[in-house]
Structures are given as structure tokens and as C-alpha cells.
Amino acid sequence: HWAQARNQQDLAGEPAALHAIAASAEHLAGLAELSAGAHDAARLRFEAARSRLGHAPADLPPYFVAMTLAWTVDERSNPPLLLGEDTFLLGRRIGVEQASGHVAIALALAQRLAGHIDAALELIDDARARFDALDDGYGQAYAAAQRGHTLCWARDYEAGDACLAESERLRRALRDQRSVAMSLGGRALAAAWMGAGDQARRRGLEAVQMMERSGDCAGIALTCTDLGTAELILGDPHAALPWLGRAAELYELPGGQRAYGWTRLIQGHLLADLGAHEEAEAAWAVAAAGFARLGEQQGLQAVQRARKDGLHSVPINQTP
């Protein structure tokens with residue numbers, strides 16, 4: 001119920017004196033905008049959240065629920081790439097100073113998706129400094145992971161993998177298995193971009209198995225997505241399809257509707273490349289219907305392009 005949720009977020013953000021609650025509402029609204037591909041609108045929401053936190057009492061007890069987008073879409077490739085980055089709910093209730101770090105990283109994501117890499121890295125470094133000052137290991141690991149994803153987005157894969165390796169190390173020390181798996185998924189993608197197929201598959205499979213042991217359906221979907229995307233980057237659509245198919249089965253859960261649409265859209269691309277045109281059109285039809293329900297214009301335009309282009313050639317290796 002996206003429209004109703006947005007209305008509630010706006011109502012929660014109205015009281016001028018309740019800066020802490022308004023910041024939480026603006027942050028959630030920003031994530032909703034990112035979930036619809038509205039990067040500029042999300043940026044404005046996150047900037048409003050940062051401003052509100054700057055006026056909130058610093059001594060409030062933990063109240064702010066830490067969340068993130070969980071996955072991103074990279075349309076610079078053909079077909080697009082769906083990247084699982086972190087779990088949507090990070091399992092933390094935090095205070096104002098830590099919340100400032102999380103909102104800075106959310107704003108960094110909006111900047112990254114809009115193509116502003118330097119601004120994104122500066123925001124992540126600001127968040128990391130806040131987490132360092134608080135000796136917040138969970139925040140430090142999250143900032144390291146987001147720095148890694150941002151560097152990989154900028155195609156600096158070696159540096160990105162180093163940051164993701166730091167996040168994995170910190171998360172293993174915290175015994176945070178879900179987050180360890182997400183760091184491994186990111187490292188699987190980095191390895192694929194660097195052409196290290198065996199390493200990419202080993203990391204990706206370990207991530208999936210960790211999520212399976214915990215019974216985390218959303219986590220399984222995210223890590224299966226990363227394995228499928230890694231195979232796509234490595235140029236093997238046959239190997240990518242089963243992983244994306246499994247992810248699609250699991251993404252039909254609350255919050256996963258847009259990811260489901262993009263997964264089905266990418267499946268359509270791969271099926272068309274393999275000559276299964278009826279199956280491809282069926283996948284695109286499902287994706288288009290889902291995007292229409294969400295009002296997701298970015299996805300609808302991607303479906304239109306896919307149908308217009310017809311057959312696509314999946315590159316043997318998408319590493320520049």
C-alpha cells in the first residue's frame with residue numbers, strides 16, 4: 001500500500017518540534033522514493049532527515065530503526081544488473097548520532113545512483129568517522145561495505161573488494177552471519193568484475209549457504225541474485241538463469257516487489273538471447289504489471305526498451 005504509506009510518512013514528518021520523529025519519517029520516505037527509482041526525490045528526503053537530526057536532542061534513547069535499500073539496479077549494462085547489497089532491515093535500533101551516520105549513507109546511495117561518486121564517498125567517510133568515534137563495529141562494517149559497493153559502481157573493483165573484505169572481517173568478529181553473507185555477496189560480484197570466476201562462485205555460494213542455514217528468505221533471495229548477476233557478468237546466461245529464477249520465487253514478499261520486477265525483466269533478456277521468445281515476453285509482461293502497480297517509471301521504460309530491441313547479445317565478460 002505505497003500511497004497510504006507515503007501519506008503516513010508525510011503526516012509523521014509534520015510536527016515542527018518533533019525533529020527526531022520527523023527525521024525517522026523522512027528517512028523512511030527517502031527509502032520509499034529510492035525503491036521507486038526516484039533518486040532526486042530520495043535525496044531531498046534524506047537531506048531533510050539530516051537537517052532534522054541536527055536539531056534533535058543528542059541524548060535520546062535508541063529509537064531510530066536502521067534500514068537500507070538492500071539492492072540496486074545498474075542500467076549501464078545491457079541487460080541491467082541487479083545487485084544485492086545488504087538486508088533491508090539491519091536489525092538495529094539506534095540513537096541520534098548513529099542515525100546521522102545511517103542517513104548520511106542513505107544520502108550517499110542516492111548520490112551514487114545519480115552518478116555523483118565523489119559526493120557519495122565523502123558522505124560515507126563522514127558516516128565512518130561518526131561510527132569510529134562511537135566505536136560502533138556494526139556501523140563501521142556497514143560504512144566499509146557501502147564504500148566498497150560505491151567503488152565497484154565506479155569500476156574500481158580492486159579497491160572496492162578491499163573495503164568489502166574489511167566489512168566481512170568486522171562482521172565475522174561481531175558474529176553477524178547475515179551481514180557476513182552480504183559482504184561475501186558483494187565480494188562475489190567484485191571477483192566477477194575482475195574476471196575471477198572460480199572465486200566469484202565460491203564466495204557467492206558460501207553467502208547463499210549462510211542464508212540458507214539461518215532460514216532467511218529475503219537473504220537467500222539477495223544472495224541468489226548476486227550469484228546470478230555474477231554469472232551474468234562472467235558471460236554465462238545459462239548459469240545465471242537458475243539463480244535468478246530461485247531469487248524470483250523468493251522476492252514475492254513484502255518490500256521485494258520492485259526487485260521481483262527487475263529480476264523478471266532480466267530473465268526476459270536472457271530468455272530472449274537463448275531464443276525462448278514466448279517465455280521472454282511472459283517474463284516482461286509480469287515485470288511490466290508489477291512496475292505499473294508500483295508506479296515505477298524506470299522499470300516500465302526498461303521493459304519498453306527490452307521489447308523494442310528484441311534480441312540482445314549478452315557480453316562474454318562485462319568487465320571494462
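A cavity is a set of points, on a 1 Å grid over the protein atoms alone, where a 1.4 Å probe fits but cannot get out, and its lining residues have an atom within 4 Å of a point. The views show a predicted model, in which local features need pLDDT of at least 70 and side-chain atom pairs count only at pLDDT 80 or more, while totals for chains, interfaces and linings use all residues. Residues are numbered from 1 along each chain as its sequence is written, and side-chain values use heavy atoms, with hydrogens and water left out.

**View 1. The largest cavity holds about 90 Å³ of space.** Its lining consists of Leu90, Arg92, His102, Tyr138, Gly139, Ala141, Tyr142, Arg171, Leu174, Asp176 and Ser179. With four residues, α6 gives the most.

**View 2. The second largest cavity holds about 70 Å³ of space.** Leu83, Glu85, His149, Cys152, Trp153, Leu164, Gly186, Leu189 and Trp193 form its lining. Here α6 and α8 (177–193) each supply at least two residues.

**View 3. The second largest pocket holds about 200 Å³ of space.** A pocket is an open set of points with protein on both sides within 12 Å along at least five of seven lines. Among its 11 lining residues, those closest to the centre are Glu252, Gln257, Tyr260, Gly290 and Arg293. Two or more lining residues come from each of α12 (257–273) and α13 (277–294), and the largest share, four residues, belongs to α13.

Conventions. Points joined across faces, edges and corners; volume = space filled by probe spheres on them.
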